[in-house]
Amino acid sequence: MFFRVKSAGSYQYLQIVHSIREGQKVRQQVFGTLGRLDELKASGRLEALLRSGLRHCENLAVIDAHAAGETEAVRVLRIGPELVFGRLWKECGIQEVIQSLLEARRYDFDLERAIYLTVLHRLFASGSDRAAPALARRLSHSGNRSV
């Protein structure tokens, strides 16, 4: 169900509508016309109707309370994309798979970390792959030594 604004002459009416599938076609069935949109807004009846329905929607009640300034943040935690991606990389086992595939090879550097950096760069700093060293320098200067 949804609201639809229906124009009739110079007026706009607010309707509650439901979509019904009949074979290959979708048809809209009007449950009811609530009245002229301008009158509903001016009288406050539309807001009163929506607030009465809001009592039955817990998620929207929280959003509405927050918008009204009736809630306060308990704690805000900001984490960087590298921390989130790093955890996903490890929990999905990608690090172990790459290391096991490279076990027989003898590289002078940690290739798994280079692959990790390349994927991280493509996700969060799209553009030239030649810019990846700049991302590595930024991460190492921010105190993250995992890269």
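Two strands are taken to pair if DSSP finds at least two bridges between them, where strands (E, at least two residues) and helices (H or I, at least four residues) are DSSP runs, numbered from the N terminus. On this basis β2 and β3 run antiparallel and are joined by ten bridges, and the bridge partner of Gln-15 is Thr-33 in β3.

The structure is a predicted model, in which local features need pLDDT of at least 70 and side-chain atom pairs count only at pLDDT 80 or more, while totals for chains, interfaces and linings use all residues. Residues are numbered from 1 along each chain as its sequence is written, and side-chain values use heavy atoms, with hydrogens and water left out.

The average pLDDT (the predictor's confidence in each residue, from 0 to 100) is 83 for the chain, and 86% of the residues score at least 70. Confidence is highest in strand β2 (residues 11-22), at a mean of 93, and lowest in helix α7 (residues 132-141), at 67. Where pLDDT is low, the predicted coordinates should not be read in detail.

Three strands form an open sheet in the order β1-β2-β3, with antiparallel pairing; β1 (2-8) and β3 (25-36) are the edge strands, each of which pairs on one side only.

Among the helices, the contact (heavy atoms within 4.5 Å) between α5 (residues 94-101) and α6 (residues 111-124) is made by Gln-95, Ile-98 and Gln-99 of α5 together with Glu-112, Arg-113 and Ile-115 of α6. These residues divide into two nonpolar (Ala, Val, Leu, Ile, Met, Phe, Trp, Tyr, Cys and Pro), two charged (Asp, Glu, Lys and Arg) and two polar (the others, Gly among them).

Terms used:
Axes fitted to C-alpha atoms, helices over the stretch in contact; angles between N-to-C directions.
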